[in-house]
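The following paragraphs lead through one protein chain, from a single residue to the whole. Please keep the sequence and the structure in view while reading.

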Amino acid sequence: MIFILGILAQDSRVVGRMQLYSVERKVSQPIEGHAAAFTQFKLEGNKKPSTLFSFAVRGPQGGKVKLSFLLNSFFLN
């Protein structure tokens with residue numbers, strides 16, 4: 001998994017745009033956001049590590065941090 005991030009000025013505010021890309025599946029998903037990170041960790045009882053994708057977005061109503069588990073290739077919201 002990789003992501004590309006960009007910001008731009010739109011209607012007197014800064015808007016963030018990301019594109020999450022699955023190298024395995026060769027599929028992308030556009031996401032609104034200003035910052036992002038991946039991390040891997042191992043849950044007790046699981047044989048394989050889990051991947052967590054976190055990203056921040058700030059809209060007209062305020063900011064949010066969102067967390068999503070990635071399954072093999074893409075999002076689980």
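**A residue in a strand and its surroundings**

Thr-51 is buried, with a relative accessible area of 18%; buried means under 20% relative accessible area, exposed means over 50%, and partly exposed lies in between, as found with a 1.4 Å probe and protein chains only. The structure is a predicted model, in which local features need pLDDT of at least 70 and side-chain atom pairs count only at pLDDT 80 or more, whereas totals for chains, interfaces and linings use all residues. Residues are numbered from 1 along each chain as its sequence is written, and side-chain values use heavy atoms, with hydrogens and water left out.

Thr-51 belongs to strand β5. Here helices (H or I, at least four residues) and strands (E, at least two) are DSSP runs, numbered from the N terminus. Which residues is Thr-51 in contact with, leaving aside its neighbours within four places in sequence? They are Phe-38, Thr-39, Gln-40, Ser-68, Phe-69 and Leu-70, where contact means heavy atoms within 4.5 Å. With Gln-40 there is also a polar contact, made between the two side chains at 3.1 Å. A polar contact is a pair of N or O atoms within 3.5 Å; within protein, one must be able to donate a hydrogen and the other to accept it, and residues adjacent in sequence count only if both atoms are side-chain atoms.

The loop between β4 and β5 (50-59) holds Glu-44.

Attention now turns to the start of the chain. Three strands form an open sheet there in the order β1-β2-β3, with antiparallel pairing; two strands pair if DSSP finds at least two bridges between them. Because β1 (2-10) and β3 (27-32) stand at the edges, each with a single partner strand, one side of each is left without a neighbour in the sheet. On average, neighbouring strands of this sheet are turned by 20° against each other, direction ignored. For such angles, axes are lines fitted to C-alpha atoms (for helices over the stretch in contact), and angles run from 0 to 180 degrees between N-to-C directions.

How many bridges join strand β2 (residues 13-22) to β3? Six bridges do so, and the two strands run antiparallel. Two pairs of residues can be located in the model: Met-18 stands opposite Ile-31 in β3, and Leu-20 has Gln-29 in β3 as its bridge partner.

Ser-22 also lies in strand β2. Is Ser-22 buried or exposed? Its relative accessible area is 1%, so Ser-22 is buried. A polar atom of the Ser-22 side chain lies 3.1 Å from the backbone nitrogen of Arg-25.

**The loops beside β2**

The hairpin of β2 and β3 has four residues between the strands. Lys-26 is found in this loop between β2 and β3, and its phi is near 55°, a positive value in a residue other than glycine. Lys-26 counts as exposed, at 66% relative accessibility. Ser-12 has its place in the loop between β1 and β2. The phi of Ser-12 is near 65°, again a positive value in a residue other than glycine, and Ser-12 is exposed, with a relative accessible area of 84%.

**The chain as a whole**

The chain has zero helices and seven strands. Its C-alpha trace spans about 50 × 25 × 15 Å along the principal axes. Of the 77 residues, 23% count as buried. The chain exposes about 5700 Å², of which carbon and sulfur atoms supply 54%; the areas come from the Shrake-Rupley method with a 1.4 Å probe, and for residues only the protein chains shown count as cover. Among contacts with a separation of 6 or more, 27% are between residues 24 or more positions apart.

The confidence of the model remains to be considered. The mean pLDDT of the chain is 82, and 91% of its residues reach 70 or more; pLDDT is the predictor's confidence in each residue, from 0 to 100. Confidence is highest in strand β4 (residues 35-41), at 89, and lowest in strand β7 (residues 74-76), at a mean of 47. Over residues 73-77 pLDDT stays under 50, and for these residues the model has 25 contacts beyond four places in sequence.
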